[in-house]
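User: Please take a close look at one part of the model below, in a single connected account.

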Amino acid sequence: MDLDGKQVRIGVIGAPCIGKSCIVKRFVENSFHGSQYNPTPGVDFYSRRMSVKPLGTVTLIIIDIAGSAISSKMLPIYLHGIDVFLFTYDMTNTASLNELRRWVTVVYGLAEEKHVEPSVALVGSKGDLEHLRTVRLDAHTRFAQEFNIQLSFLVSAKSGESVQTCFTKCAIYHLSPEAKQRVREHALLPVAIPKRQSLPAQNHPLAIPQPPGTSAGILNPTTTSAAMADPNSTVCSVQ
Ligand SMILES: Nc1nc2c(ncn2[C@@H]2O[C@H](COP(=O)(O)OP(=O)(O)OP(=O)(O)O)[C@@H](O)[C@H]2O)c(=O)[nH]1
Ligand SMILES: [Mg+2]
C-alpha cells in the first residue's frame, strides 16, 4: 500500500496538568522541560514528518488541547477533523482518569453526530512515577474495555519511555486497515513501564529511531507566525 505523503491528525486530550504538553514536546523535539507547569492556553498545533515502515513518509499534526478547554464553547472547533484521539490521564492521579469520562463522552458524541469513527487510544502518563501510582493496570484496562478503546499505552514524557511508540503505533493503526484489523483481533495490553532505571528515549528497545531526513518542528506562539508565513507549512495555531 502506498501511503507516502499521508497526514494524520492526532489530538491529545484529558484533564489539566496531567502531562499532555510534555508528551507532545517529548515526541516533537525529544525534550522535557523540568517541573515547571505552563498551562496550555486553548490549543497548540505541532507538526512532525517522519518515515514509518512500511507506510513511507507520514506527516503527523499534533493537536495539544488544554485540559481547561473541557468547559469551553470552542471545544467542538478544537476537536474538529482529528483522526486519532489520545485519551490521556495521569497514573498518579485517579481523578484524572475519572475526568477522562467527560472527554470520551464529548468525543464520542461529536463522532456520532458527524458519522465518523475516530481512532482512539488510552494513554497513562508520568510512568516514571511508578512509586506514586494510584491508577492500577486493571483500572486502566477496565476503562479501555468500557469505552471500547483498543490501543493502550503507559508513557513517560520525563524519561521518554514509549512516547515515540505511542504516536507511531497510533499513526499506523489509523492509516493501515490491516494493522487495525490485527489490533482488533488481539486487543493490545498496555505497554508497561519497566521498574528499572529508564533508558534515554533513543536507546530504549521499543524506541523507533528517527531516520535522517525527517524533521521535527515545534510551533509555539513565538514560532507560529514564521511557520505560517512559509507557503509549504501545514501548521496553524489557535489560542
Ligand atoms: N514526573 C513527571 N512529571 C511530568 C511528566 N510529564 C509532565 N510532568 C509534569 O506535569 C506538569 C504538567 O505538565 P503539562 O504537560 O504542562 O500538563 P498538561 O496536561 O499539558 O496541562 P494543561 O495544558 O493545563 O492541560 C508539569 O509540572 C510537568 O513537569 C512525566 O512524564 N513525569
Ligand atoms: Mg498543556
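Which helix gives the most to the shell around ligand 1, and with how many residues?

Analyst: This is a predicted model, in which local features need pLDDT of at least 70 and side-chain atom pairs count only at pLDDT 80 or more, while totals for chains, interfaces and linings use all residues. Residues are numbered from 1 along each chain as its sequence is written, and chains are lettered from A and ligands numbered from 1 in the order in which they are written.

The helix in question is α1 (residues 20-29), which contributes 3 residues to the shell around ligand 1. Helices (H or I, at least four residues) and strands (E, at least two) are DSSP runs, numbered from the N terminus. Around ligand 1 there are 21 residues, of which Gly 19, Ser 21, Pro 39, Thr 40 and Gly 67 come nearest; a residue is near a molecule if its C-beta atom, placed from the backbone, lies within 6 Å of it. By class, this shell holds 9 nonpolar, 8 polar and 4 charged residues. Here Ala, Val, Leu, Ile, Met, Phe, Trp, Tyr, Cys and Pro count as nonpolar, Asp, Glu, Lys and Arg as charged, and the others, Gly among them, as polar.

Elsewhere, Lys 169 belongs to helix α5 (residues 163-175). Lys 169 counts as buried because it has 22 C-beta neighbours inside 10 Å; the criterion is 20 or more other C-beta atoms within 10 Å of its own, with C-beta atoms placed from the backbone. The C-alpha atoms of Lys 169 and Leu 151 are separated by 8.5 Å, although the two residues are 18 residues apart along the chain. Finally, helix α3 (residues 94-114) is followed by His 115, which has a positive phi, near 55 degrees.

Definitions and conventions
A residue is buried if 20 or more other C-beta atoms lie within 10 Å of its own, exposed if 12 or fewer, and partly exposed in between; C-beta atoms are placed from the backbone.
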